[in-house]
Amino acid sequence: MVRKIKNNVIFAGAGPGAPDLITLRCLKAIQHADLIVYAGSLVNPEILKHAKSSCKIVDSATISLLEIVKLMKDAFFQGKKVLRLHTGDPAIYGAIAEQMTELDKLKIPYEVIPGVSSVFASAAALKTELTAPGVSQTVILTRQSGRTPVPHGQEIANLAKHGATMAIFLSSGDVKSLTGELIRGGYSPETPASVVYRASWKEEKITRGTLADIDDKLEASGFIGRQAMIIVGDVLDRKKGGKSLLYDAGFTHGYRKAAEERIGESENRRIGDFKGKIAVYAITAEGLSTAQKLLSCMKHGLLFAPERFKNSSVKNSGTEFFKEGEFDEALRRTWSKFDGHIFLMATGIVVRKISKLVGSKTTDPAVVVCDQRGNYAISLLSGHIGGANRLAKFAAEVLGGQAVVTTATDVQNLMAFDEMASIEGWKVANPEMIKVLNSMLLEGKKIGLLIPKDIFKKYYSSKKNLSHISKATGLKTSRFHGAVVLNMNIKSTSMPVLKLSS
Ligand code: SAH
C-alpha cells in the first residue's frame, strides 16, 4: 500500500546509522522533503543523498530549538514539506516533545515515523536476545543522569535492583562511575556488560566484558565515544539464556562440590524465588531420576536416598545415602539444617514422617511433596514465611508439572503480608497477627502500610483498599482497620498491627 504524504511536518527516525537501516516510509519522506533538519553527528549523511537537489538541508546541532521551530514554521507556511530527522527512533531521547509543543502552539500538524533504535542495532551487533527466558523478561532503557537529571527513583542504582537487562544511552562519558552504580544497585561485578560503539556504522566496534572490567577494556581498546550503547545483563551470556529457568542466575548445572561442603555453605542464593538450601529425598528409582532433574537446577541442593541406590546411576558426589530403615533418623538431622525439603514420594509418607518435627509457622522449613514423576508439586508446609509456595512453583516449573498451592491469598492472587516479608528478607515480630492481617487483606478491608514506598508499589499498588503511609501519625483508626509496619515499635493501638523488621 502506498501512503500519500500529507502536508504535515514529519518527525522521522533515521535509524542507527547504516544507510539501509531506514524504513521505506522514512525514505519516501526524505525523497519528497523540501526542508530537512537533521541531528548532525548521529544521522548518517549518506541517507541525505536521497533528498531532492532543491531540498534545503540543515544540521540541527548548530542551532537552537527556537531557530529549528522557526525554520520549520516558515517552510510549512510556504507550503513546503518539512522533515525533522532524528537518530534511531525519535521516541527515545529525541527531544521531540518540546518541538511538538511549539508546533501545537502554532497549530501546525505533524506525524511521527518510527525508526530502528540504536538499542536494537546494538543488540543485533551483539547477536543477543535482550529478553532471554529465565534470565530477563524486562529491558530497561535508561541513561545516567548528566546535564539532564533523571527523576528521583530512576537513578541507575535503583533500576539495577530489578536485575533486568539494561540498555544505557548517553552514558559513555563516565563508564567507571556507571558500573560502580550498577554494582551498588545489586548486579554482581561478574555481570556481563558490553559496549557497542556506532552500532551498524562502518566504524562499529564491540567491547565485551563484565561490570568489573569493562571500563579497563574500553580504555585499552580506545573505542569509546558519545555514540556508544552500554548493555548490561546476564542475557549477554548465551550459556545463561534461552533455556527457561534452568539457567537462572541462582542455578548452575550439575554438581560441582562435595556434599558436606554444600551443607556447610552459608551463602543464601536464590533458587527461583526461593532463598536457601534445599534437601531432596527420593526412595524409588523413578523418584531418583526426577530428583536429579531438580538438583541439576539448584546450586544449594543435596539429594538423600536409601543405600540400595549407591551403585545405581545416581551421581554419588552429590548424594547422601542413608541405611535402610533410617530415613526418620536422616530427616531428624536435616530438618532444621535446610531451608526447604522436597520429597519425591506419596504425601502420606511425608505427613507421617514430618509430624513429629513440625514446630511453628515462623521457624518451620518449607516442605514440598512431588509425586515421583514430578507431575504435581504440592506446597505442604510453611507456604509463605518458609517459602514452600515458591519452592513448589520452582519444582513444577523445572519438572514441567503443576504446582499445587492452597493458601487463600495465593488462590485469590494476593500477596500475603508474611509472603512479602519473606521475599524481602524481613522477619515477622508478632506472628500471631499474620492471620488477622491476611484475613483483612482477603476481605478487602482498609489497611495502612508503613513500609518503603517502592516495596508497596511492587506488591500492592493496584489494591484500592491498601494505602501507603510514610509516618506513624498517618495510622489513624478512622482510616484503617489494620496496619503493617516495618521497623517501628508502634505501641498497641486499637487496631491490629503486623510488625515486621528488616
Ligand atoms: N533516538 C536514539 C537515541 C538518541 S540519544 C535511538 O533511538 O537510538 C543518543 C544516544 O544513543 C547516544 O549517546 C548513544 O548512547 C546512543 N546511540 C545512538 N546511535 C548509536 C549507535 N549507532 N550505536 C550505539 N549507540 C548509539
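How many residues of domain 3 are in contact with residues of domain 4? There are 6 of them, and they touch 6 residues of domain 4; two residues are in contact if their C-beta atoms, placed from the backbone, lie within 7 Å. The tour returns to this boundary after some orientation.

**Before selecting anything**

The structure is a predicted model, in which local features need pLDDT of at least 70 and side-chain atom pairs count only at pLDDT 80 or more, whereas totals for chains, interfaces and linings use all residues. Residue numbers start from 1 along each chain as its sequence is written.

**Stop 1: the domains**

Colour four ranges separately: domain 1 (9-116), domain 2 (119-240), domain 3 (253-406) and domain 4 (417-501). These bounds come from an automatic or database domain assignment. On the side of domain 3 that touches domain 4, the residues comprise 1 nonpolar, 3 polar and 2 charged. In this classification Ala, Val, Leu, Ile, Met, Phe, Trp, Tyr, Cys and Pro count as nonpolar, Asp, Glu, Lys and Arg as charged, and the others, Gly among them, as polar.

**Stop 2: the ligand**

Next, select the ligand and the residues around it. Both domain 1 (9-116) and domain 2 (119-240) give residues to the shell, so the ligand lies between them. The shell divides into 12 nonpolar, 10 polar and 3 charged residues. Of the 25 residues around the ligand, those that come nearest are G88, Y93, S117, S118 and A199; a residue is near a molecule or strand if its C-beta atom, placed from the backbone, lies within 6 Å of it. Helix α4 and strand β10 each supply at least two residues of the shell, and α4 gives the most, with 3 residues. Helices (H or I, at least four residues) and strands (E, at least two) are DSSP runs, numbered from the N terminus.

Y93 lies in the loop between β4 (82-86) and α3 (96-105). Although Y93 is not a glycine, its phi is positive, about 45 degrees. Y93 is partly exposed, with 17 other C-beta atoms within 10 Å. A residue is buried if 20 or more other C-beta atoms lie within 10 Å of its own, exposed if 12 or fewer, and partly exposed in between, with C-beta atoms placed from the backbone.

**Stop 3: the five-stranded sheet**

Now display the open sheet of 5 strands, ordered β6-β7-β10-β8-β9, with mixed pairing. Two strands pair if DSSP finds at least two bridges between them. At the edges stand β6 (139-143) and β9 (205-210), each with a single partner strand, so one side of each is left without a neighbour in the sheet. Neighbouring strands are turned by 20 degrees against each other on average, direction ignored.

Select β8 (residues 192-197), which is joined to β9 by 6 bridges in an antiparallel arrangement. β8 also pairs with β10 in the antiparallel sense, over 5 bridges. S194 stands opposite R208 in β9, and its bridge partner in β10 is I231. For V195, the bridge partner in β9 is T207.

In a regular strand the side chains alternate between the two faces of the sheet. From β8, P192, S194 and V196 point one way, while A193, V195 and Y197 point the other way. Of the 6 residues of β8, 6 are buried, so this strand is largely enclosed by the rest of the structure.

Helix α4 (residues 118-126) lies across β6, β7 (165-169), β8, β9 and β10 (228-232), at about 65 degrees to β10. Helix α7 (residues 214-221) lies across β8 and β9, at about 150 degrees to β9. Axes are lines fitted to C-alpha atoms, for helices over the stretch in contact, and angles run from 0 to 180 degrees between N-to-C directions.

**Stop 4: the seven-stranded sheet**

Move to the open sheet of 7 strands, in the order β15-β14-β13-β16-β17-β18-β19, where the pairing is mixed. Its edge strands, β15 (319-322) and β19 (402-404), each pair on one side only. Strands β13 (residues 278-282) and β16 (residues 340-344) pair in the parallel sense over 5 bridges, with Y281 opposite F343 in β16. Helix α9 (residues 285-295) packs on the sheet, touching β13, β14 (301-306), β16 and β17 (366-370), and its direction makes about 160 degrees with that of β13. Helix α11 (residues 347-354) also packs on the sheet, touching β16, β17 and β18, with its direction at about 155 degrees to that of β17.

**Stop 5: S382**

Finally, select S382, in the loop between β18 (376-381) and α12 (388-399). Is S382 buried or exposed? S382 is buried, with 26 other C-beta atoms within 10 Å. S382 has a positive phi of about 60 degrees although it is not a glycine.
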